[in-house]
Amino acid sequence: ARVLAVDDEPSVLAGVVRALGDLHAVTTVGSAADALRLLVNGASFDAVLCDVVMPGMNGPELLGEIERRWPALAPRVTLMVGGSSRDAARLLGGERAMLSKPFDVATLREVVAQTLATR
């Protein structure tokens, strides 16, 4: 499957690649704007992992754009959130799947597997 990871922290992106790279084709970008550019230019993904707190456009704002422009992809977006941002993320992201950072490999793989099962 094709997985897009969006996070402004390179170490998080490296962790996603390490955890999923042997199972899926993982594309990483450091901002929501870069993710939007990929999607606008026709890139398609089976799952999206997106940080909530990023400079510029944040994760919930990116999610809103995905819901508006690519509604079929929206249910396959998982928001990644650090502990102190969890409550705010729930308000912004609703009831959607959330992945707490730092995450372990097994949890990340399970979240992605559940997301892909909804395709």
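The model is predicted, so local features need pLDDT of at least 70 and side-chain atom pairs count only at pLDDT 80 or more, while totals for chains, interfaces and linings use all residues. Residues are numbered from 1 along each chain as its sequence is written, and side-chain values use heavy atoms, with hydrogens and water left out. The protein chain has five helices and five strands. These are DSSP runs numbered from the N terminus: helices are H or I with at least four residues, strands are E with at least two.

**Overall fold**
- From the N terminus on, the elements run β-α-β-α-β-α-β-α-β-α.
- The protein chain has 119 residues, and 45% of them count as buried (under 20% relative accessible area; exposed is over 50%, partly exposed in between; 1.4 Å probe, protein chains only).
- Of the contacts with a separation of 6 or more, 57% join residues 24 or more positions apart; contact means heavy atoms within 4.5 Å.
- The accessible surface is about 5900 Å², with 54% belonging to carbon and sulfur atoms (Shrake-Rupley method, 1.4 Å probe; for residues, only the protein chains shown count as cover).

**The sheet**
- Five strands form an open, parallel sheet in the order E2-E1-E3-E4-E5. Two strands pair if DSSP finds at least two bridges between them.
- Strands E2 (25-29) and E5 (98-101) stand at the edges; each has a single partner strand, so one side of each lacks a neighbour in the sheet.
- Neighbouring strands are turned by 20 degrees against each other on average, direction ignored. Axes are lines fitted to C-alpha atoms, for helices over the stretch in contact; angles run from 0 to 180 degrees between N-to-C directions.
- Strand E1 (residues 2-6) pairs with strand E3 (residues 47-51) in the parallel sense over four bridges.
- Leu-4 has Val-48 in E3 as its bridge partner.

**Helix H1 on the sheet**
- Helix H1 (residues 10-20) packs on the sheet and touches E1, E2, E3, strand E4 (77-82) and E5.
- The direction of H1 makes about 180 degrees with that of E2.

**Helix H5**
- Helix H5 (residues 105-117) has 13 residues and reaches 18 Å from first to last C-alpha, close to the 18 Å expected (1.5 Å times one less than the number of residues).
- Leu-108, Val-111, Val-112, Thr-115 and Leu-116 are buried in H5.
- Down the axis of H5, its buried residues fall within an arc of 130 degrees, so they line one face. The arc is that of the directions from the helix axis to the C-beta atoms.
- These buried residues pack against E1, H1, E3, E4 and E5.
- Ala-106 and Ala-117 are exposed on the face of H5 turned away from its buried side.
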